[in-house]
Amino acid sequence: EAKVALKMADAHLLHRIEYARILGELAASKTKLLEEEVLFLKYERNLDVIKSFLEQTFYIQPELLSKVEDWLELPSYEIKEKALMRLCINDRENAATYLAATDGIQGTFGHNVRVNWLFLNIALNNGENQEELVAFSSPAYDFFTRMSAFGALEQLGIVNDQIAANAFGSLLQGNRKLRNAGRDFIKTMSEDKASNKVFQEWINRNGQLLLTDELKTVEQLTGFIPKD
């Protein structure tokens with residue numbers, strides 16, 4: 001009987017997770033959720049169900065904003081990250097309040113909450129805390145944090161000499177995911193003339209410090225080579 005009860009509970013949970021996913025897809029299309037659908041989300045407590053909804057939509061209708069505010073307090077860094085982003089997007093007037101409430105939270109592996117917080121703060125507050133985000137792309141941090149930082153910097157369209165150093169440095173690391181993240185960042189950002197100039201000037205100044213094999217790797221991955 002206990003096994004049957006557990007299977008029924010699991011099935012019920014999976015049904016709720018799937019239902020939340022469907023509601024998230026509806027919300028993403030800006031279809032107004034029905035009262036009973038809103039109530040389902042307001043009374044839901046399971047973290048996986050809540051995450052399923054948030055993963056599917058960036059749009060939060062007004063009736064749900066206060067509940068998403070509550071979700072900032074849940075013991076899940078993934079939910080904190082997603083809830084913060086969605087609140088700041090959908091309620092710009094109170095974005096400063098949401099950022100103040102989550103300032104200092106680092107998150108789990110990869111500093112997921114802090115990187116997201118920095119992205120929002122820079123985007124909404126004219127570049128404040130940019131140095132901290134740049135630092136996250138440096139060798140001082142784990143590869144996942146660096147990858148996340150490159151992603152945020154790309155979305156913000158920020159490139160400077162230190163970022164160029166961190167990006168080119170990532171190409172010479174043993175972690176393939178980090179190398180790919182650095183390569184993609186350089187390739188995408190170099191489409192902008194000003195950013196391309198920053199990358200080229202960095203490699204011109206620092207190319208002589210790299211070994212022949214390292215220069216070859218940089219050229220193969222990005223196309224950049226030192227020029228006179």
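Me: Which residues form the one aromatic cluster?
Reply: F150, F168, F185, F199, W202 and F224 make up that cluster. Rings here are those of Phe, Tyr and Trp (its six-membered ring), and they pair if their centres lie within 6.5 Å; planes under 30 degrees apart count as stacked, over 60 as edge-to-face and the rest as tilted.

Me: Before I go on, what sort of model is this?
Reply: A predicted one: local features need pLDDT of at least 70, side-chain atom pairs count only at pLDDT 80 or more, and totals for chains, interfaces and linings use all residues. Residues are numbered from 1 along each chain as its sequence is written, and side-chain values use heavy atoms, with hydrogens and water left out.

Me: OK, back to rings. How many aromatic pairs does the structure hold?
Reply: Twelve. In one of them, F143 and F144 have ring centres 6.4 Å apart and planes at 90°, so that pair is edge-to-face. F143 counts as partly exposed at 27% relative accessibility, and F144 counts as partly exposed at 35%. The cut-offs are under 20% relative accessible area for buried, over 50% for exposed and partly exposed in between (1.4 Å probe, protein chains only).

Me: And F168 with W202, stacked or edge-to-face?
Reply: Stacked, because the ring centres of F168 and W202 are 5.1 Å apart and the planes are at 15°. The pair links distant parts of the chain, with F168 in helix 10 and W202 in helix 12 (residues 193-206), 34 residues apart. Helices are DSSP runs (H or I, at least four residues), numbered from the N terminus.

Me: Are those two buried or exposed?
Reply: Both F168 and W202 are buried.

Me: Which residues have the most contacts inside the largest nonpolar core?
Reply: F53, W71, F168, F185 and F199, in a core of 57 residues. Such a core is a set of buried Ala, Val, Leu, Ile, Met, Phe, Trp, Tyr and Cys residues joined through side-chain atoms within 4.5 Å.

Me: What does F53 touch, then?
Reply: Not counting residues up to four places away in sequence, F53 touches A20, L23, G24, A27, L33, L41, I60, L64 and W71. Contact means heavy atoms within 4.5 Å. L64 and W71 are also among the buried residues of helix 4 (residues 62-71), along with L65, K67 and V68. The cover over them includes helix 2 (35-43), helix 3 (47-56) and helix 5 (77-90).

Me: Switching to helix 9. What's its reach from first C-alpha to last?
Reply: 20 Å for 14 residues (143-156), close to the 20 Å expected. The expected span is 1.5 Å times one less than the number of residues.

Me: Which of its residues are buried?
Reply: In helix 9 those are T145, R146, A149, F150, A152 and L153. They cover an arc of only 165° around the axis, which puts them on the same side of helix 9. The arc is that of the directions from the helix axis to the C-beta atoms. As background, an α-helix has 3.6 residues a turn, so residues three or four places apart point the same way.

Me: What do they pack against?
Reply: Helix 7 (112-124), helix 8 (130-136), helix 10 (161-170) and helix 11 (176-189).

Me: What caps the N-terminal end of helix 9?
Reply: D142 does, with a side-chain oxygen 3.1 Å from the backbone nitrogen of F144. A polar contact is a pair of N or O atoms within 3.5 Å; within protein, one must be able to donate a hydrogen and the other to accept it, and residues adjacent in sequence count only if both atoms are side-chain atoms. After helix 9 comes G157, with a positive phi near 70°.

Me: Where does G110 lie?
Reply: In the loop between helix 6 (95-102) and helix 7. G110 counts as buried at 2% relative accessibility. Setting aside neighbours within four places in sequence, G110 contacts V115, D142, F144, T145 and S148.

Me: And R114, why does it count as buried?
Reply: Because its relative accessibility is 6%. R114 is in helix 7 and touches D103, G104, I105, Q106, N129, E132 and F136, not counting residues up to four places away in sequence.

Definitions and conventions: Helix = DSSP H or I, 4+ residues; strand = E, 2+ residues; numbered from the N terminus.
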